[in-house]
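Colleague: I have a model open and would like to go through parts of it. Can we take a few questions in turn?

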Amino acid sequence: MDLTPTFSSDGSADGVAVKYVATGVQNGQTLSLAFDAMPTPLVRTTDVITDLQVSDASGALSMNAPVKKHDGSHDYQVWESSRAANGAITVSYRVPVASRDRKRGPQEDLQQAGKGISGAYISFLLLPMLPDAHYDAQVHWHMREGERAVTSYGVNDYRGTFTTGNFGDTLFLAGKVLEFSPEKSGPDHGMHVYTLGMPADDFADLGQWAAKAYAAERTAFKTKGDLPYRFMVRSFDGGGTYSGRGGHSSFLLYMRPGYDAGDKALRRVVAHEMVHSLTGMLRGDSADDSDDWYAEGIADYFSLVIPYSADLYTHQEYLDLVRKESDAYYSSPDRSIPNSAIADVMWRSPKGWLIPYTRGALYFADLNAKLEQHGLKIGAIDLVNELSDIVESGKTTSADTWVDILRRRAGAWAVTDWRAMMAGSVIFPAPNAFGACLRGARSDIVAGEQGSHVAGMAWKLDCGAAGDAR
């Protein structure tokens, strides 16, 4: 696969040209090429297939007009050939960058940043539509002098075997990419931070904090340090403030120009996305987001407690972040909705998508405290690491996997608590759920624009002073 940024008259990248040759694909059958419609709330605008040309051993292979199809958790545009394919398939096309007047969502769309382009491969891949396909892919980025393409799997050129899903999840920056690497990081191991569009000084400050957070999380999740880890930042005026997207040993952060790189909430997003890329996930969430209580719950919870334990948040910053997480959960009108209905409400309201995040975070905080109360010599991190080990071994996981871990390592009470959480029971964590320095107590909190009160939790410092550094 050859990938080449295209440019507008002012020298800024305005899209990507794609060309590849695929062998062993639907020979003797009608060829179907699928283009992901992008997940909610992203929608395609200008980032569409243009200049499509397909050929095989018999010559040009004409494609019918695309039709919409749904497969599992994704909607696609699908092009089908007018005759059966014969031999190797050559496909070429171009995808322009997306417009910026859209809802923000997962950092996957094809966008211009720092005169380069960035996003995830899902934003431009048009691939043969094959169930359970694995691609042995060799990827080559054609870059101008002084520019490079940094991706989840390598810089400029790399090869590997990919499913359609993890190929599409590849994150990238392509252009005049700045790099920050801690002293002990070599080209093929350790953490590397890259950006398109950020000022060098702000970028270095964020990179230094991220490197410390990565070291703390890698230790907590017991991941190997001999592999490269790529933190990519793209900065452009795309609305909102910041958001991220985790990938294979990498994640991509969006920042609006001029935003404070030292903001505690931004740094928490950095820590959150690292959790995604350093832990194994349940696989039952592919169709309906029903397992986001786990994926987003552990990311929200550990992005609070791990950096705090590593002295990367002050006491006051930690208190502020815990209060924000807690209040977002209790003030939500959807706090009692069963997990089975999450997919129906996640995008119904501006904050509906937060429920699996905040509910999951309070669930794991409560679980961690109760493990200690029951005299067990394990924490929530140990249970999460066990699930990650199962994922790493190649075994299929689901919510049942988590229930089995709870039953074996903790006991029936932990399974009962989990089932209550899944049914929508409101969680009131143990007073020390967020550590010895924070104390929680049940208290009414203000919810909604009308100023109504709901049962929630109040948190205060129980050691040190609010302004103390850690």
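Colleague: Over which residues does pLDDT stay under 50?

Modeller: This is a predicted model, and the chain averages a pLDDT of 89. Of the residues, 92% score at least 70. Where pLDDT is low, the predicted coordinates should not be read in detail. The stretch where pLDDT stays under 50, with 9 contacts beyond four places in sequence in the model, is residues 284–288.

Colleague: Why is strand 15 largely enclosed by the rest of the structure?

Modeller: In a regular strand the side chains alternate between the two faces of the sheet. On one side of strand 15, L171, L173 and G175 are buried, and on the other F172 and A174 are buried. Strand 15 (residues 171–175) is largely enclosed because its buried residues number 5 of the 5.

Colleague: Which residue stands opposite F172 in strand 15?

Modeller: Strand 10 (residues 116–120) runs antiparallel to strand 15, joined by 4 bridges, and its A120 stands opposite L171. Strand 13 (residues 148–151) is also antiparallel to strand 15, with 4 bridges. Opposite F172 stands T151.

Colleague: Which helices are included in what covers the buried residues of helix 9?

Modeller: The buried residues of helix 9 (residues 399–409) are A399, T401, W402, V403, I405 and L406. An α-helix has 3.6 residues a turn, so residues three or four places apart point the same way. The cover over these buried residues includes helix 4 (292–309), helix 7 (355–373), helix 8 (380–392) and helix 10 (412–423).

Notes. Residues numbered from 1 in each chain as written. Predicted model: local features only at pLDDT ≥ 70, side-chain atom pairs only at ≥ 80, totals over all residues. Heavy atoms only, no water. Buried < 20%, exposed > 50% of the residue type's maximum accessible area, 1.4 Å probe, protein only. Helix = DSSP H or I, 4+ residues; strand = E, 2+ residues; numbered from the N terminus. Contact = heavy atoms within 4.5 Å. pLDDT = per-residue confidence, 0-100. Pairing = 2+ DSSP bridges.
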